[in-house]
Structure formats: structure tokens, C-alpha cells
Amino acid sequence: MGDALADRYQALVRTLPADAAGLHALGLALRQDFGCDRATLFLKARHGVYVAIYAEGLEDMTLAVKPGEGLAGKAVQRRGAIVSNEAPFDPNALSRLRDHYSGYETHSVMVAPIPRLLRAPEGAVQLINKLGGPFTDDDLARLSAVATGLRGLRRFCRAPAENLWDPHLHRESSDGRAPADQAVLADHREG
């Protein structure tokens, strides 16, 4: 089953249009295959930060994490998939900051790194809020297989991922100013 999922997503990455519609189609496929509410796709920028090239519900913001930060950053640092079915109470989850600005309520998060041989992961795929229950170990194994199929995702970026992130931009959190090394939320869309 894992190979079939990896092959399916590999075919999607190769054949979908390399634009916002293609990214939306990938997000829709992920939501349907995993029965979740939202999907986020991260790519590694040259400076080592992982920048979201697709973040449902955060279309007007950039989300960026360093390896080791938040669940996405922990997954790329460990090079392994992570699940949190109690994200609001998970000290590793950065969803509280994002939810503060968006009004959305994150309950569960599952993330897997997009692997590269002998190098840091190319990116990460993150799923938010499984519908009808928690994410399972089977979901985690399936997402790891899907992440393998998402290699080559960089073709969806019209501009290099690092152009979407500015370390000097951040928003206020409920705890005061967010440190520059935390998730960065900044307006980056054109017009």
C-alpha cells in the first residue's frame, strides 16, 4: 500500500500544473486520502528554514520553521514522521500562534519529512485536524509513504522558497513579540 501511495503522489507531482491550482489539487488529494481538514507543504530554503509553499487557511501569510521548531521542524530534524492528537497542549506544536491570528482551532497535527538521500529533507507535508477521530499509526505510515512520493515538489515554486521568507518580519503573539527563530507569519502574496 505504501508503494502505491508513493507512486500516486509522485505521478501527481510530475503531472499537475506547476502553479497554485496544482498545489491546491495536491492539498485536496491529501485531505481526501487522510480525511483531514487542512494540508501544508513546506520546502527547504537555502538558508535552512522550511517555508510553507502551500498552507490552507493561511493563504495571506508565510509560515516558516527552523529544523527542531514546532512539529514540522522536529520531523525534518529527526527525519521521521510525528503525530500529535492533542496539539493545543503539545509544547512542540506551534499551532497556538497560528490559531491566534487565524481564529482556527487546531486539534491534531501529523507531519512527515520529504526525504532526500544523504541530505537534509527537501521539505515536509503536514496535515491538520483528522475528521472523525485521531490520526493513527497507520495514518503515520501512510503519510511517510506519501512524503516519499512528494520528492520534486520544488517545481511548484515560481520563486525560490527563500524569497518568501524574511527573518525580520513577524507578528505579535499573545505572549508578546515572537522571537525571530519562531514560526514567522508575514504577508508575502503579490497584489
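Let me start with helices α1 and α2, which are roughly antiparallel to each other, because their axes cross at roughly 160°, and the cut-off for that label is over 145 degrees. Keep in mind that this is a predicted model.

Helix α1 covers residues 2-15, and its axis comes within 11 Å of that of α2. The crossing of this pair is right-handed. On the α1 side, the contact uses Leu5, Arg8, Tyr9, Leu12 and Val13. On the α2 side, Leu26, Ala29, Leu30 and Asp33 take part. Sorted by class, the residues of this contact are seven nonpolar and two charged, with no polar ones.

Now the other partner of α2. Helix α2, residues 20-34, also packs with helix α5, residues 137-149. Here the angle is about 155° and the axes are 11 Å apart, which means α2 is roughly antiparallel to α5. This crossing, too, is right-handed. Leu30, Asp33 and Phe34 of α2 meet Asp139, Arg142, Leu143 and Val146 of α5. That contact has four nonpolar residues, three charged and no polar. Leu30 and Asp33 of α2 take part in the contact with α1 and also in the one with α5.

Last, confidence. The mean pLDDT of the protein is 78, and 75% of the residues score at least 70.

Terms used
Residues numbered from 1 in each chain as written. Predicted model: local features only at pLDDT ≥ 70, side-chain atom pairs only at ≥ 80, totals over all residues. Heavy atoms only, no water. Axes fitted to C-alpha atoms, helices over the stretch in contact; angles between N-to-C directions. Helix = DSSP H or I, 4+ residues; strand = E, 2+ residues; numbered from the N terminus. Parallel < 35°, antiparallel > 145°, perpendicular 65-115°, else oblique. Left-handed = near helix turned anticlockwise from the far one by under 90°. Contact = heavy atoms within 4.5 Å. Nonpolar A, V, L, I, M, F, W, Y, C, P; charged D, E, K, R; others polar. pLDDT = per-residue confidence, 0-100.
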